[in-house]
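Hi,

Here is the structure I promised to pass on.

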Amino acid sequence: MRWLKYTLALLSLVGLWFVGLGLSTFIPLPASLLGLLVLLLGLMWLKRVPSALLKVSQFVLGHMLVLFVPATMGVLLYAEKLADNLLWLILSIVVSTVLSLGITAWICQRLWQSTNQHPSAPHED
């Protein structure tokens, strides 16, 4: 019966992608992102990750590199256009990386300070 749990977990992941695809007709976001948000809401509602879903997700994440092969082949098809705009491409990658790292560090620092300044309850021993 273990294989049935794993199959259902895999089908639920694929099903959530289809839910995201349906939502993307109303919400202008990628279907995979919307599916992940629905999954996040479901896991928050459950307050735990089912073990079969965890194992299937870890397997898929472990073999995620295979999913990048089509994207890599697409880059090779547009190699000439990319070479023509290489400077702008590199500049945009560097600027966006620095901005995202800076914003992430700023948000983490704010969250860290707010959790340290407001203890949940004073301890009286």
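Predicted model: local features only at pLDDT ≥ 70, side-chain atom pairs only at ≥ 80, totals over all residues.

Residues are numbered from 1 along each chain as its sequence is written, and side-chain values use heavy atoms, with hydrogens and water left out.

Let's start with helix α1, residues 2-23 (helices are DSSP runs of H or I, at least four residues, numbered from the N terminus). A9, L16 and G20 are buried there (under 20% relative accessible area with a 1.4 Å probe, protein chains only; exposed is over 50%). They cover an arc of only 35 degrees around the axis, so they sit on the same side of α1 (the arc is that of the directions from the helix axis to the C-beta atoms). W3, L8, L11 and F18 are exposed on the face turned away from that buried side.

Now the pockets (open sets of points on a 1 Å grid over the protein atoms alone, where a 1.4 Å probe fits, with protein on both sides within 12 Å along at least five of seven lines; lining residues have an atom within 4 Å of a point). The largest pocket is lined by 17 residues, and L13, L36, L39, S57 and V60 lie nearest its centre. Helices α1, α2 and α3 each supply at least two residues of that lining. In the second largest pocket, α1 gives the most to the lining, with five residues.

Best wishes

Conventions: Expected span 1.5 Å × (residues − 1).
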